[in-house]
Amino acid sequence: MPKKGGKHAEMGKEMQAQCKRVKVEAACSLSVMSFESPDSLFGSLISPIKQEMFFREYWEQKPLLVQRNDPLLAAYYQSLFQLSDLKELCSQGLYYGRDINICRCVNGKKKVLNKEGKVNYMQLKKDFDQKKATIQFHQPQRFKEELWKIQEKLECYFGSLVGSNVYITPQGSQGLPPHYDDVEVFILQLEGEKHWRLYKPTVHLAREYNVESEDRIGNPTHEFILKPGDLLYFPRGTIHQADTPLGISCSTHVTISTYQN
């Protein structure tokens, strides 16, 4: 009888451990987002909230905050888009206005800092670091297959066009003043942290975008920090503003929107 242990037994154990690890990782990666059908994709997007509860209690009614604290989900979200992706994309030819806007909220107003023509990454990074400007990147799904797949499935699910923008904001800065949108909004926090404040709508289920002054919106109905892997939903018309706290290098989130008139 061969001895228990020894080199071959150790190799066998190591291979078994690797197989188990691969199976666990595969299972976890599959559980992050399900692309089997539009229904399963949306279900995995708002998990652990059930779809029946979402449409009964939240859709077109009130905000939903899902704070997950899940490292696997946080890693998956980060792969959808991050600040470092812009360096390569700028070398492919991006243009101000068409692909990228840079802006900052100053005294309750949006200040646009766009240059002319093609985006130079070094200049963009300089404005980001020194002017504390927020980078708004339009239609990131053009360059990220996973985002494309998510939006394709959501368009089938909602029977409506689905759009997206990525917002990258440096620490101690805010890109946009308090405002409300004309779309249903799903926000996925990709990297860093974002401090959010939501306010009671002044226009119920608004059909146009509008900026609201601080003295009109009152106190927030919700205030929280979004971290990687977290999801936020709010109905069109919900007044909101968000900033990156000091001590956080930057915040990146993608806004996925639907139900525009």
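**A ring cluster and an open sheet**

In this predicted model, pairs between rings link Phe42, Phe54, Phe55, Trp59, Tyr157, Phe158, Phe186, Tyr233 and Tyr259 into a cluster. A search through the whole structure turns up 22 aromatic pairs. Take Phe42 and Phe55: their ring centres sit 5.8 Å apart with 35° between the planes, a tilted pair. Phe42 belongs to helix H2 and Phe55 to helix H3 (residues 51-57), so this pair ties together parts 13 residues apart in sequence. Phe42 has 0% relative accessibility, so it counts as buried, while Phe55, at 29%, is partly exposed. Another tilted pair joins Phe54 and Phe186, with centres 6.0 Å apart and planes at 35°. Here the link runs from helix H3 to strand S7, tying together parts that are 132 residues apart in sequence. Phe54 is buried at 0%, and Phe186 is buried too, at 2%.

Back in helix H2 (residues 38-46), 7 of the 9 residues are buried, so the rest of the structure largely encloses this helix. Phe42 is one of those buried residues, and Leu41 and Leu45 are also among them.

Then there's the sheet: 8 strands make an open, antiparallel arrangement in the order S1-S11-S7-S13-S5-S4-S2-S3. Strands S1 (64-66) and S3 (109-112) stand at the edges with a single partner strand each, so one side of each has no neighbour in the sheet. On average, neighbouring strands are turned by 25° against each other, direction ignored. Strands S5 (residues 162-170) and S13 (residues 250-258) are joined by 9 bridges, and Tyr167 has His253 as its bridge partner in S13. Helix H4 (residues 71-80) packs on this sheet, touching S7 and S11.

Technical notes. Residues are numbered from 1 along each chain as its sequence is written. This is a predicted model: local features need pLDDT of at least 70, side-chain atom pairs count only at pLDDT 80 or more; totals for chains, interfaces and linings use all residues. Side-chain values use heavy atoms; hydrogens and water are left out. Two strands pair if DSSP finds at least two bridges between them. Helices (H or I, at least four residues) and strands (E, at least two) are DSSP runs, numbered from the N terminus. Axes are lines fitted to C-alpha atoms, for helices over the stretch in contact, and angles run from 0 to 180 degrees between N-to-C directions. Contact means heavy atoms within 4.5 Å. Buried means under 20% relative accessible area, exposed over 50%, partly exposed in between (1.4 Å probe, protein chains only). Rings of Phe, Tyr and Trp (its six-membered ring) pair if their centres lie within 6.5 Å; planes under 30 degrees apart count as stacked, over 60 as edge-to-face and the rest as tilted.
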